[in-house]
Amino acid sequence: MLKEESLTPREIVELLDKYIIGQTNAKKSVAIALRNRWRRKHVPEDLRDEIAPKNILMIGPTGVGKTEIARRLAKLADAPFVKIEASKFTEVGYVGRDVDSIIRDLVEIAVNKEREKEKETVLEKARYRAEEKLLDILVPPVESFDEGLPEDTAKEEKSNIKTREKFRKMLREGKLDNRDIELTVNANMTPMVEVFSANGMEEMGFQMKDLFDNFLPKKKKQRTFKIKEAMDYIIQEEAAKMIDMDKVTSEALQKVQESGIVFLDEIDKIAGKEGSANGPDISREGVQRDLLPIIEGSTISTKYGMIHTDHILFIAAGAFHVSKPSDLIPELQGRFPIRVELSSLSKDDFYKILTEPQNALIKQYIELLKTESVKLIFKKDAIEEIASIAEEVNTKSENIGARRLHTIIEKLLEEVSFYAPEMKGQEVIINGKYVKDNLKEIATNEDLSKYIL
């Protein structure tokens with residue numbers, strides 16, 4: 001994970017190339033957008049607030065890398081990231097989630113991320129405290145007195161210390177892991193969130209839950225754990241107590257405002273010319289108008305504080321098969337000045353996707369079957385045949401991009417995956433003939449491929 005300050009646009013593209021094949025124009029656009037954030041921090045202060053991010057609109061069919069580019073970009077920059085489907089707001093009209101929930105979700109993700117980072121810094125201390133708590137239960141300490149110890153009590157305390165250290169050693173060596181132990185834990189109360197989220201009022205639900213958590217006495221209950229599980233539970237509990245939540249919240253809010261990335265998918269589903277046969281109803285245009293203030297820059301109330309959205313980067317995406325970007329309301333079009341078109345994937349692209357990225361699909365399946373002690377070997381002609389079938393099926397039926405490869409390989413390896421536990425130590429060679437024998441008939445039968453591939 002790298003900081004955006006250390007990345008040049010060329011380096012960002014090179015890093016994205018490790019995970020996403022092709023789509024150079026889209027990669028360049030997001031790389032420049034990320035670098036512009038670094039540049040903004042170094043301009044004179046009086047000009048800094050005036051420089052707004054240049055939001056990006058990605059146009060292209062499903063499965064060609066739109067979401068992956070945005071997600072990987074956020075990971076490289078260590079930036080808070082949220083993906084949301086614009087169409088989900090039209091499904092429930094004005095009764096469901098309000099668009100402000102996009103920013104609340106982003107803040108929640110950022111706070112959780114910062115909390116986890118902070119937890120890492122206190123983990124060792126939390127582990128020590130957890131160990132002491134467990135030892136207090138396993139070897140209860142001897143009561144001491146202020147005015148010296150009676151001789152027999154002093155002996156008992158020495159013996160207790162010796163026993164405690166013996167148990168400490170056993171605990172650290174894992175010799176007590178499977179022993180049962182009882183702990184007093186907080187009883188989970190029914191959250192109010194579910195009641196309010198059904199009516200599109202999540203924020204009120206969270207606020208009510210916090211109110212009840214703060215003012216009502218916490219219910220306790222006894223629960224039996226294995227010592228290993230108890231240790232993990234107490235470590236988490238102790239770490240949570242030591243985390244400075246004010247610091248976590250402050251840093252999370254700043255990161256959201258300065259580095260947050262919102263990926264707004266399926267934006268084409270809320271576009272269309274008013275009055276056309278398949279144009280937007282009042283709800284879809286309403287969603288566009290509701291999104292506008294957030295993207296232009298406004299202040300959103302969250303349970304952690306107020307968030308200014310002026311410098312959050314919005315990346316919108318859509319296939320635009322039925323509608324066009326110009327069918328969005330003019331104000332919203334203007335908030336996405338950078339537009340990039342992502343191309344459909346060819347046979348060569350599919351071949352590269354299967355073999356080149358660090359998380360390539362072929363590598364994933366080889367490692368999955370290695371866990372069953374089955375050696376899976378893919379020959380070059382097999383990978384070429386899979387790429388060819390993926391292109392062919394995408395052309396003849398719905399084009400779902402690289403996702404087609406998942407379907408094809410799952411079907412191809414169905415038998416091997418099913419019998420793998422009974423094939424320990426065996427070697428399975430996947431060549432071109434194997435692929436043809438198992439898939440060619442399905443791929444060439446258009447009706448059959450629609451249902452199976």
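In the predicted model, Ser373 is partly exposed, with a relative accessible area of 41%. Ser373 lies in the loop that links helix H15 (361-370) to strand S10 (375-378). Although Ser373 is not a glycine, its phi is positive, at about 60°. Most residues other than glycine have a negative phi. A positive phi, of about 55°, is likewise found at Glu266, which is not a glycine. Glu266 belongs to the loop between strand S5 (261-265) and helix H12 (282-296).

Ser323 occupies the loop between strand S8 (313-318) and helix H13 (330-334). The relative accessibility of Ser323 is 9%, so this residue counts as buried. From this position, the side chain of Ser323 reaches the backbone oxygen of Asp268 at 3.2 Å.

Two packed helices are described by the angle between their axes and the distance between the axes. Helix H14 (residues 347-355) packs with helix H16 (residues 380-396) at an angle of about 130°, and their axes are 8 Å apart. H14 and H16 are therefore oblique to each other, and their crossing is right-handed. On the H14 side, the contact is made by Lys347, Phe350, Tyr351, Leu354 and Thr355. H16 contributes Lys380, Ile383, Glu384, Ile386, Ala387, Ser388, Ala390, Glu391 and Asn394. By residue class, the contact of H14 with H16 comprises 7 nonpolar, 3 polar and 4 charged residues.

Definitions and conventions:
Residues numbered from 1 in each chain as written. Predicted model: local features only at pLDDT ≥ 70, side-chain atom pairs only at ≥ 80, totals over all residues. Heavy atoms only, no water. Helix = DSSP H or I, 4+ residues; strand = E, 2+ residues; numbered from the N terminus. Buried < 20%, exposed > 50% of the residue type's maximum accessible area, 1.4 Å probe, protein only. Polar contact = N/O pair within 3.5 Å; in protein donor to acceptor, adjacent residues only side chain to side chain. Axes fitted to C-alpha atoms, helices over the stretch in contact; angles between N-to-C directions. Parallel < 35°, antiparallel > 145°, perpendicular 65-115°, else oblique. Left-handed = near helix turned anticlockwise from the far one by under 90°. Contact = heavy atoms within 4.5 Å. Nonpolar A, V, L, I, M, F, W, Y, C, P; charged D, E, K, R; others polar.
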